[in-house]
Amino acid sequence: MTIKTFTGIDKFPYQSTLLDLADQSDHSIRVSAILVQGGKMISRACNSRKTHPVIEKYRKYRKDKNGNALKYVGSHAEFRCIHGIDRETLKKSVLYVVRIRRDKSIAPSLPCMMCHRILSFYGLREVRCVVI
């Protein structure tokens with residue numbers, strides 16, 4: 001899996017859709033993701049407080065400041081966006097990810113270790129995200 005980064009959202013593809021989607025999140029830090037294949041959007045999602053059994057399997061990769069596995073991890077936008085998409089499609093697709101802070105400013109949106117492992121396991125071709 002390749003990760004490409006953008007410095008700022010101005011030149012980031014699908015920026016208005018990603019920002020609108022982030023507003024739908026029920027989480028304090030909003031993350032949105034869009035899956036694109038051949039220039040066509042095939043899936044989109046935002047993070048949620050609700051969890052999922054697959055997330056529980058990968059939860060050990062999310063740590064607190066002391067290095068302990070977090071007791072609760074909601075469903076991340078990256079996972080929710082690719083869930084249910086077949087691997088052959090994922091191998092040809094690009095995932096765009098944006099993270100919005102409480103004050104509505106853009107935050108770095110590199111996938112966390114848990115999401116990185118999930119995305120790699122499912123064979124996603126590329127992730128594009130914002131770095132500050």
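Trainee: How many salt bridges does the count come to?

Mentor: The count comes to 3 salt bridges, in what is a predicted model.

Trainee: Why is the contact of E126 with K4 called a salt bridge?

Mentor: The rule asks for a Lys or Arg side-chain nitrogen within 4 Å of an Asp or Glu carboxyl oxygen. For E126 and K4 the closest N and O atoms are 4.0 Å apart, so the pair counts as a salt bridge. E126 belongs to strand β6 (residues 126–131) and K4 to strand β1 (residues 2–7), so the pair ties together parts that are 122 residues apart in sequence.

Trainee: What makes E126 buried and K4 partly exposed?

Mentor: Buried means under 20% relative accessible area, and partly exposed lies between that and over 50%. E126 has 6%, so the residue is buried. K4 has 39%, so K4 is partly exposed.

Trainee: How do you know that E126 also forms a salt bridge with R128?

Mentor: Their closest N and O atoms are 2.3 Å apart; that is within 4 Å, so the contact qualifies. Both E126 and R128 are buried. Salt bridges that share partners join K4, E126 and R128 into one network.

Trainee: Why do K91 and E88 qualify as a salt bridge?

Mentor: Their side chains meet at 3.4 Å, N to O, and the limit is 4 Å, so they qualify.

Trainee: Are K91 and E88 buried or exposed, or in between?

Mentor: In between: K91 has a relative accessible area of 45% and E88 has 47%. Exposed requires over 50%, so K91 and E88 each count as partly exposed.

Technical notes:
Residues numbered from 1 in each chain as written. Predicted model: local features only at pLDDT ≥ 70, side-chain atom pairs only at ≥ 80, totals over all residues. Heavy atoms only, no water. Helix = DSSP H or I, 4+ residues; strand = E, 2+ residues; numbered from the N terminus. Buried < 20%, exposed > 50% of the residue type's maximum accessible area, 1.4 Å probe, protein only.
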